[in-house]
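The sequence and coordinates come first.

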Amino acid sequence: MTSRTVTLLDVARAAGVSKSTVSDALQGSGRVAAATRDRVRAVAEELGYRPNSAARRLRRSSTGAIGLHLPRTATRLDYYMNLAFGAVERAQEEGFDVMLLAPTGVAGGGGGSSDSAGPTSPAGATSPTSPAGAASPANGPIASRVDGLLVIDPEVDDSAVPGLLDAGVPVVTGERYLGPTAAPTGAVICDNAASLTALLDHVTERGARHPAVLAPAGTSAWATALRATATSWARERGVAVALRTVPFAATPGEAEETTLALLRTDPSVDAVICAPDGAAPGVLRAAATLGRPVGPDAPPAAGPHARTATDALPRTPLLIASCVDGTATRSAEPPVTAVDLRPAAYGRACAELLCDILAGRTTPDTVRRHAWALETRAST
């Protein structure tokens, strides 16, 4: 039996329940016992049942789509592309298409890019031709095209966000929105303060006495939490932390330039934690330029080349870590310790919360937490 021939009646017969019970179980509506719902869903999956999206939209009087708003820098960051694919996958399991909203002229991620093109759509997503903030989004075009919205890492100074939050449909944010306008319907958040605290504790346990943090600029909850945590951790531990601000989506070149200036000005820095996704290779290049071996077990350079020709700086070992894991950190030489934010799972979690709200499976104002993991590698 193929997915094109399986009907609700087929699932009902196989599960030993009524057709209406199958419909309620799959949509999360009605009063269906948890055990029955799980059995129906398992049978539907086993038979390869796929909902008829067109009929479903008619029954719901819905568009059958949800909108996804990402920071402007999303196209060049692995994190957001993986997140988008996770959201699309989970939405499609509920019969929703995903509309990837083109950015406005304001850099939603914190000003790291000046590109004017809209994001590339992940598989299964469509992209509108007009920006999310065009015309008046409040109760306007966006609300007529989608059943709900996902707004990821909303910036206070992203001009599109207030209109999206007031668009007249449920809105789930990935991370909290710190702006003064309407609150989202729900949110999925990470404990970003805890993740940076874990990195700072880790490098000091590995011998660092004067760590530095390349923290992101911008007004997203993630950027704000990292800057605040670097300051509070230093005060609570009594350890001097060199805090430098870099663009939200700093390139490896920007990270390299900042790290070179930092280490030349303050050569006692013995650990650098780089926040932006994909920027860690720039920190590694800066260490190589200054002759700083990377890793706790790397021996200091000795002999006639123990100091650089231009700076006469000591070549003591340097620990390097990143606040975001990805291809750049895993494939670096040496591999870089990083926080795995599990972006695909995060995208799924955001889409799942929105689908649960739309189906009435959970209440508005729901906030769910997303777990991260510290991946320790040779760089520390």
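Arg361 has a relative accessibility of 26% and so counts as partly exposed, a class lying between buried (under 20% relative accessible area) and exposed (over 50%), with a 1.4 Å probe and protein chains only. The model is predicted: local features need pLDDT of at least 70, side-chain atom pairs count only at pLDDT 80 or more, and totals for chains, interfaces and linings use all residues. Residues are numbered from 1 along each chain as its sequence is written, and side-chain values use heavy atoms, with hydrogens and water left out.

Arg361 forms a salt bridge with Glu94 at 2.9 Å, N to O; the term requires a side-chain nitrogen of Lys or Arg within 4 Å of a carboxyl oxygen of Asp or Glu. Arg361 sits in the loop between helix H13 (343-359) and S12, and Glu94 in the loop between helix H5 (78-93) and strand S2 (97-100), so the pair ties together parts 267 residues apart in sequence. Helices (H or I, at least four residues) and strands (E, at least two) are DSSP runs, numbered from the N terminus. Glu94 is buried, at 8% relative accessible area.

Asp356 also forms a salt bridge with Arg361, with the closest N and O atoms 2.7 Å apart. Shared partners join salt bridges into one network of Glu89, Arg90, Glu93, Glu94, Arg348, Glu352, Asp356, Arg361 and Arg368. The structure holds 13 salt bridges.

## Helix H10

The 14 residues of H10 (residues 252-265) should span 20 Å at 1.5 Å a residue, and the end C-alpha atoms are 20 Å apart, which agrees; the expected span is 1.5 Å times one less than the number of residues. Ala255, Glu256, Thr259, Leu260, Leu262 and Leu263 are buried in H10. Down the helix axis, the buried residues of H10 fall within an arc of 170°, so they line one face; the arc is that of the directions from the axis to the C-beta atoms. Glu257 and Thr265, on the other side of H10, are exposed.

Glu256 forms a salt bridge with Arg285, the closest N and O atoms being 3.0 Å apart. This pair links distant parts of the chain, with Glu256 in H10 and Arg285 in helix H11, 29 residues apart.

## Strand S6

Gly186 and Val188 point one way from S6 (residues 186-189), Ala187 and Ile189 the other way, and all are buried. S6 pairs with strand S12 (residues 366-369) in the parallel sense over four bridges, where pairing needs at least two DSSP bridges. Gly186 stands opposite Thr366 in S12.
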